[in-house]
Amino acid sequence: MLILPISLKKAMRFFFSALFWLPVIFFSLLLVYNTIPYFSFSSEFSFIEERVLLFAKPLYWWCFYVHIFAGMWCISTALLQFSSWILKKRKKIHIWSGKIYVFVVLILGAPTGMYMSFFAKGSMAERMLFMFMAMTWFITTVRGLQAVHQRNIISHKNWMIRSYTMAMTAVTFRIYHIIFYLLEWDHMNNYEVSLWISVVGNILAAEYIIWRRSKQYFKTFTQ
Amino acid sequence: MKPFIYLSALLITAGSVFGVADYFKEKKNGTMARLYQEEEETVAPEKTANTKMLPAIPVVSKEIVKEPVVANDVKKTVAVEKKKKKTPRKPISIKMFTRGDERPERPMIIKLPEVEKKAPVEPVAETVAEVKETKEVVTPVAEPVAEKAPERPSLRKLYSRGKPPSRVKKPVVKSDE
């Protein structure tokens with residue numbers, strides 16, 4: 001039986017967390033669902049069609065498929081990581097999904113993302129942004145892994161929030177992209193603006209969450 | 001944990017090194033600028049191409065489709081012609097259905113209308129060749145006799161090309177039982 005919190009404060013917290021997590025879960029699963037058809041290895045997808053020259057290179061081809069495979073697992077396992085119920089009652093699920101997350105990010109997702117970032121769509125600034133994302137994703141995950149091995153749970157949480165927000169840029173980028181598309185923006189402007197907003201916005205969101213949780217915010221970068 | 005982190009660091013370094021190498025390679029070849037331009041170039045013509053090509057594609061397909069259609073029509077017409085050849089029923093002449101040498105010596109009295117009614121109507125078209133070979137036997141015209149003619153084996157059995165129709169077969173089965 002689900003016993004709802006009686007106090008208004010708890011009820012509000014539950015409501016806002018639901019308001020935040022329900023769209024996150026929905027869009028994450030939608031992204032995973034939309035990724036599955038790519039494993040037909042067909043070249044009929046618009047994403048692949050506009051990168052015909054790139055997909056002719058075997059290394060890029062491999063990097064792309066490894067990257068989306070890693071992204072699927074990364075996003076789906078990360079959803080389990082922030083559940084306090086799983087953390088308290090089913091800790092093994094948290095540990096194993098965390099191991100999968102770290103593996104797919106460090107071994108598959110970030111290296112392939114780094115390679116692909118050199119050929120990203122847009123200007124040099126967008127390419128640099130993708131490189132920054134790959135490096136940030138990698139470093140924050142490594143720091144989170146190191147923190148949990150040092151039994152520094154608070155630091156582990158902070159670094160993993162940063163890592164997860166980097167992973168979630170794939171989701172938020174698409175949300176902004178759809179919004180600007182509905183506003184009838186030019187394709188390239190839409191792409192560039194939604195990319196920058198998603199990366200910068202996610203970083204700011206992560207830092208805001210960490211800032212609220214920690215008493216000494218700047219120490220979180222050194223711990 | 002350390003080997004794992006070193007491995008991942010090695011991989012991301014390899015990714016960046018390969019990325020830089022391929023990037024400059026592409027830049028030297030001059031393909032770097034065209035990586036996404038082709039998409040922009042093709043998008044515009046695709047729209048026009050769709051409108052232009054759409055009528056063209058069916059034309060080709062029609063041509064392709066037409067051939068079997070014509071073939072089918074031919075087949076159909078051939079089939080229809082065959083049927084038309086078979087369908088008109090020629091009047092059955094008694095001469096054509098005589099048994100030639102085996103005919104009874106006694107003059108027969110055949111009531112034409114009755115025979116025509118009793119005789120089963122069968123496709124005759126293909127028996128023309130056989131009929132040509134058969135000798136024409138002129139039956140002697142005899143005066144009507146009151147006696148009944150001997151029973152002849154049914155024409156259907158003699159000229160049937162296969163199994164007799166089920167109408168004939170049924171009574172045979174009953175008799176066997």
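Colleague: How many residue pairs are in polar contact between chain B and chain A?
Modeller: Two residue pairs, both at pLDDT 80 or more. A polar contact is a pair of N or O atoms within 3.5 Å; within protein, one must be able to donate a hydrogen and the other to accept it, and residues adjacent in sequence count only if both atoms are side-chain atoms. This is a predicted model, where local features need pLDDT of at least 70 and side-chain atom pairs count only at 80 or more, while totals for chains, interfaces and linings use all residues. Residues are numbered from 1 along each chain as written, chains are lettered from A in the order written, and side-chain values use heavy atoms, without hydrogens and water.

Colleague: And how many salt bridges across that interface?
Modeller: The rule finds two (a side-chain nitrogen of Lys or Arg within 4 Å of a carboxyl oxygen of Asp or Glu). One of them joins B:Glu26 to A:Lys57, with the closest N and O atoms 3.4 Å apart.

Colleague: What is the area buried between the two chains?
Modeller: About 2,300 Å², with 77% from carbon and sulfur atoms. Buried area is the accessible area (1.4 Å probe) that two parts lose on being put together, summed over both. B:Phe4, B:Ile12 and B:Tyr36 supply 29% of what chain B buries against chain A, more than any other three residues.

Colleague: Changing topic: is A:Trp62 buried or exposed?
Modeller: Exposed, because its relative accessibility is 56%; the cut-offs are under 20% for buried, over 50% for exposed and partly exposed in between (1.4 Å probe, protein chains only).

Colleague: How far is A:Trp62 from A:Thr112?
Modeller: They are 50 residues apart in sequence and 8.6 Å apart in space, C-alpha to C-alpha.
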